[in-house]
Amino acid sequence: MRSEIEPELLLHADQELNHAVMVVERIIQIGGTPVLTPAEWMKLSKCAYEIPSDPYVEAILKQNLTGERCAIQRYKGIADFTNGKDHSTHQMAVAILNEEIEHEQDIEDWLGDIERMREDLRKLKG
Ligand SMILES: [Fe+2]
Ligand SMILES: [Fe+2]
């Protein structure tokens, strides 16, 4: 399934970069300073970075799913926190949240496909 999943994950990666751009621009608009070093990102992030040391597609997808679910919780938190107080940040958080939910769904679908393929193989082997 690599040939099907890889281009989709590359699309997700583009969207993730765009989320970072949106968040940074909004932080600057409201007079803040974005986190400027990778070391600080690691320290401040509430979502863990999982090293993709296992190249098997199912392992990559499971790590990804953890990341998407963490992102969903974070953007929900930002959307709730800004609701009725900061309309622009709220709208941004909701827009990003919707993409994260789509990412989660894509990954759940692929993992479901892999599980079904595994079941079919088991039946074939009898
Ligand atoms: Fe994202
Ligand atoms: Fe995502």
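Trainee: What should I know about the model before reading it?
Mentor: This is a predicted model, in which local features need pLDDT of at least 70, side-chain atom pairs count only at pLDDT 80 or more, and totals for chains, interfaces and linings use all residues. Residues are numbered from 1 along each chain as its sequence is written, chains are lettered from A and ligands numbered from 1 in the order in which they are written, and side-chain values use heavy atoms, without hydrogens and water.

Trainee: Which residues coordinate the iron ion (ligand 1)?
Mentor: Glu16 (OE), His19 (ND1) and Glu100 (OE) do, at 1.8 to 2.1 Å. Donors are N, O and S atoms within 2.8 Å of the metal (3.2 Å for Na, K and Ca); water is not among the atoms, so sites may look incomplete.

Trainee: How are those donors spaced along the chain?
Mentor: The spacing is E-x2-H-x80-E. Distant parts of the chain are linked here, with His19 in helix 1 (residues 2-29) and Glu100 in helix 4 (residues 87-125), 81 residues apart. Helices are DSSP runs (H or I, at least four residues), numbered from the N terminus.

Trainee: How far apart are the two iron ions?
Mentor: They are 4.0 Å apart, and Glu16 coordinates both.

Trainee: Are Glu68 and His103 buried or exposed?
Mentor: Glu68 is buried, with a relative accessible area of 4%, and His103 is buried at 1%. Buried means under 20% relative accessible area (1.4 Å probe, protein chains only). His19 and Glu100 are buried as well.

Trainee: Changing topic, how do helix 1 and helix 3 pack?
Mentor: Their axes are 13 Å apart, at an angle of about 25°. Axes are lines fitted to C-alpha atoms, for helices over the stretch in contact, and angles run from 0 to 180 degrees between N-to-C directions. Helix 1 is therefore roughly parallel to helix 3, a term for angles under 35 degrees.

Trainee: Which residues meet there?
Mentor: Among them are Glu16 and His19 in helix 1, and Glu68 and Tyr75 in helix 3. Contact means heavy atoms within 4.5 Å.

Trainee: Where does Cys70 lie?
Mentor: Cys70 is in helix 3 (residues 57-82). Its C-alpha is 9.5 Å from that of Glu100, 30 residues apart in sequence.

Notes: Helices (H or I, at least four residues) and strands (E, at least two) are DSSP runs, numbered from the N terminus. Buried means under 20% relative accessible area, exposed over 50%, partly exposed in between (1.4 Å probe, protein chains only). Angles under 35 degrees count as roughly parallel, over 145 as roughly antiparallel, 65 to 115 as roughly perpendicular and the rest as oblique.
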